[in-house]
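I opened this model to look up a few residues and some whole-chain values. My notes follow the order in which I checked things.

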Amino acid sequence: KKEAAAAAAPAIKSIDPKEGLRRLDQLSTFVMYNERRKVTSSAKKARDPNSTRLAQTPDGSFCDLQRNAAELLTKCGMKVPPARDHEEYLEKGGPAMTFLFHPSLGPMWDVIRQKIRGGSMTTGSELVLELAEAQLVNVNINGSLLVSCDNVMGNMEAKAGEGEGKGLVFDTSQCGRVRMRHVRVENAGVNHEETVMESGDCWKHRPSRVESCRIVLHGNAEFEARRCTLSGNLSFEVPAGNKMFVTADADGKLVRTLEPLSAGGKASWGWEYQLCRDGRLRLRLRLWPGAIRRASNAVRSAVGGVAGRIATAGNGKGAQQQAS
């Protein structure tokens with residue numbers, strides 16, 4: 001009876017991939033052909049210090065995460081050290097380099113590879129991008145580059161009619177933004193001798209750093225660096241409603257300019273997304289020069305290898321440069 005039922009069953013016809021894209025809403029199941037570490041890498045148990053097996057441990061998951069990160073950056077055209085497998089990860093005490101990013105940067109790799117193009121990372125370097133709106137073109141990192149912002153995808157606003165609760169309101173005009181083009185980051189970075197893998201310093205991402213280049217964006221702040229070298233222990237903190245420009249003068253010293261955004265807080269640039277016929281997303285960067293108010297109170301400061309912090313007066317009529 002089973003053989004008869006199988007013979008009576010209609011034959012399954014193969015579907016052309018292009019036809020499949022047009023009929024996604026009609027497909028009840030699908031098969032994913034991919035490497036396992038790109039689909040799942042669970043952490044179900046603590047790593048045995050006396051064992052060389054990393055499977056299903058936090059270190060094993062972090063190792064797989066960084067192997068995926070290295071492949072992603074390679075697709076972005078960035079030169080990175082070869083990714084380490086589980087054995088090398090244990091032997092050398094961690095990944096060859098660290099790249100962590102907020103999911104909203106993509107989340108699809110095709111989107112991220114259009115936001116990050118070219119550049120390089122040396123062995124032991126670190127890149128953290130905790131934001132959604134970014135453009136990195138030919139950024140070469142030898143050390144640590146850490147970017148964070150208050151408003152990754154928007155801002156928190158009170159929910160109407162629900163008391164004191166607040167919810168995330170997605171608004172691209174309220175996101176922090178970073179543009180870095182033809183920039184070199186040089187600093188001592190992570191102290192790998194003091195970063196202990198046995199204590200979970202790698203997968204918990206709590207490395208011991210000697211130096212770093214840190215960019216902190218408040219509210220809808222923007223940061224842009226072009227054709228310069230960010231050397232040593234640097235910190236750039238940009239207040240909400242402002243854009244900081246960093247470039248180099250004829251002597252190679254950093255020149256920082258802080259300018260206010262337009263009164264409405266409109267961003268000076270943004271990504272436009274276009275859905276192509278093959279189902280891919282194509283990004284186009286649009287500039288809105290009118291979003292920058294050319295004011296007489298713009299701050300310009302020449303600094304060498306000294307970290308600095310720029311803060312503006314609350315009334316918007318003055319500005320102050322503080323060296324830290």
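These entries go from the whole protein to single residues.

**Ground rules.** I am working with a predicted model, where local features need pLDDT of at least 70, side-chain atom pairs count only at pLDDT 80 or more, and totals for chains, interfaces and linings use all residues. Residues are numbered from 1 along each chain as its sequence is written, and side-chain values use heavy atoms, with hydrogens and water left out.

**Confidence.** I checked pLDDT, the predictor's confidence in each residue, from 0 to 100. The protein averages 83, and 80% of the residues score at least 70. Residues 294-299 stay under 50; the model gives them 15 contacts beyond four places in sequence. Residues 301-324 are also below 50, with 56 contacts beyond near neighbours in sequence. A contact here means heavy atoms within 4.5 Å.

**Whole protein.** I found six helices and 19 strands. These are DSSP runs numbered from the N terminus: helices are H or I with at least four residues, strands are E with at least two. Of the 324 residues, 43% count as buried. The classes are by relative accessible area: buried under 20%, exposed over 50%, partly exposed in between (1.4 Å probe, protein chains only). I also looked at contacts between residues at least 6 apart in sequence; 53% of them join residues at least 24 apart.

**Glu 211.** I located this residue in the loop between strand 9 (177-186) and strand 10 (213-217). Is Glu 211 buried or partly exposed? Its relative accessible area is 26%, so Glu 211 is partly exposed. Which residues does Glu 211 touch, leaving out those up to four places away in sequence? I listed Ser 144, Asn 187, Ala 188, Gly 189, Gly 232 and Asn 233. I then took Ala 188 from that list. Glu 211 and Ala 188 are 23 residues apart in sequence, yet 5.1 Å apart in space, C-alpha to C-alpha. A polar atom of the Glu 211 side chain lies 2.9 Å from the backbone nitrogen of Ala 188.

**Ser 268.** I placed this one in the loop between strand 14 (254-260) and strand 15 (269-275). Ser 268 counts as buried because its relative accessibility is 6%. Its side chain makes a polar contact with the side chain of Lys 243, at 2.8 Å. A polar contact is a pair of N or O atoms within 3.5 Å; within protein, one must be able to donate a hydrogen and the other to accept it, and residues adjacent in sequence count only if both atoms are side-chain atoms.
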